[in-house]
Amino acid sequence: MKKIGIGVVVILMFFLCSCQKKEQTDASDYKTDFAKTQEIAVISADTSQIIKTVTDKEVIADFVLALEIENWELASLPDNTVELGSFDFAQEQTIRFGQTNHDGTLSHIATITLYDNSYICLEFLGIDTTFKVSTNTAEYLNEYFG
């Protein structure tokens with residue numbers, strides 16, 4: 001009887017553990033998602049207006065490389081941090097079964113908000129995560145607002 005009880009517990013634990021959702025804990029996992037971007041809207045922190053729209057594939061690819069996502073470190077946003085601006089990423093929706101082509105409509109996929117002192121906040125799938133980025137990345141992003 002004990003063997004059956006232990007066997008049932010082991011089987012239940014196997015199913016419970018295998019059904020858990022894999023979380024994106026490594027910032028480099030985002031690189032694939034950003035590589036699909038078709039448009040980046042650069043938004044001023046002062047006016048909340050779009051000051052530039054990037055659609056060139058090569059410029060977007062260079063932008064994603066300059067993010068150096070593999071070097072992002074999870075962090076907490078320090079007090080008195082100043083928002084410098086943000087970047088909204090958009091792409092066409094994935095073609096689903098029964099659809100023949102895209103209609104050209106772009107959908108929001110993520111937002112990166114840049115703060116002073118090399119901090120960013122990434123909003124992706126409704127989850128906000130703060131990262132400390134390299135000085136090079138922060139300077140590259142800040143150039144869009146200067």
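Helix α3 lies across strands β1 (39-44), β2 and β4 (83-92), and runs at about 65 degrees to β1. Here helices (H or I, at least four residues) and strands (E, at least two) are DSSP runs, numbered from the N terminus. Contact means heavy atoms within 4.5 Å, while axes are lines fitted to C-alpha atoms, for helices over the stretch in contact, with angles running from 0 to 180 degrees between N-to-C directions. Another helix, α4 (residues 135-142), packs on the sheet too, touching β4, β5 and β6, and its direction makes about 115 degrees with that of β5.

A word on the model before going further. It is a predicted one, in which local features need pLDDT of at least 70 and side-chain atom pairs count only at pLDDT 80 or more, while totals for chains, interfaces and linings use all residues. Residues are numbered from 1 along each chain as its sequence is written, and side-chain values use heavy atoms, with hydrogens and water left out. The pLDDT is the predictor's confidence in each residue, from 0 to 100; its mean over the chain is 81, and 71% of the residues reach 70 or more. Residues 2-25 have pLDDT below 50, and beyond near neighbours in sequence this stretch has 4 contacts in the model. Where pLDDT is low, the predicted coordinates should not be read in detail.

Back to α3 (residues 57-66), whose buried residues are Ile60, Phe63, Val64 and Ala66. They sit on the same side of α3, because they cover an arc of only 160 degrees around the axis (the arc being that of the directions from the helix axis to the C-beta atoms). Buried means under 20% relative accessible area, exposed over 50%, and partly exposed in between (1.4 Å probe, protein chains only). Turned away from that buried side is a face with the exposed residues Lys57, Glu58 and Leu65. After α3 comes Glu68, which has a positive phi near 45 degrees.

As for the sheet, it is open and has 7 strands in the order β2-β1-β4-β5-β6-β7-β3, with antiparallel pairing. Two strands pair if DSSP finds at least two bridges between them. At the edges are β2 (50-54) and β3 (73-74), each pairing on one side only. Strand β5 is mostly covered, with 8 of its 10 residues buried. It pairs with β4 over 9 bridges, and 6 bridges join β5 to β6.

Across in β6, Glu123 stands opposite Thr111. The side chain of Thr111 also makes a polar contact of 3.5 Å with that of His108 (a pair of N or O atoms within 3.5 Å; within protein, one must be able to donate a hydrogen and the other to accept it, and residues adjacent in sequence count only if both atoms are side-chain atoms).

Asn117, in the loop between β5 and β6, is not a glycine, yet has a positive phi of about 60 degrees. Leu125, in the loop between β6 and β7, also has a positive phi, of about 55 degrees.
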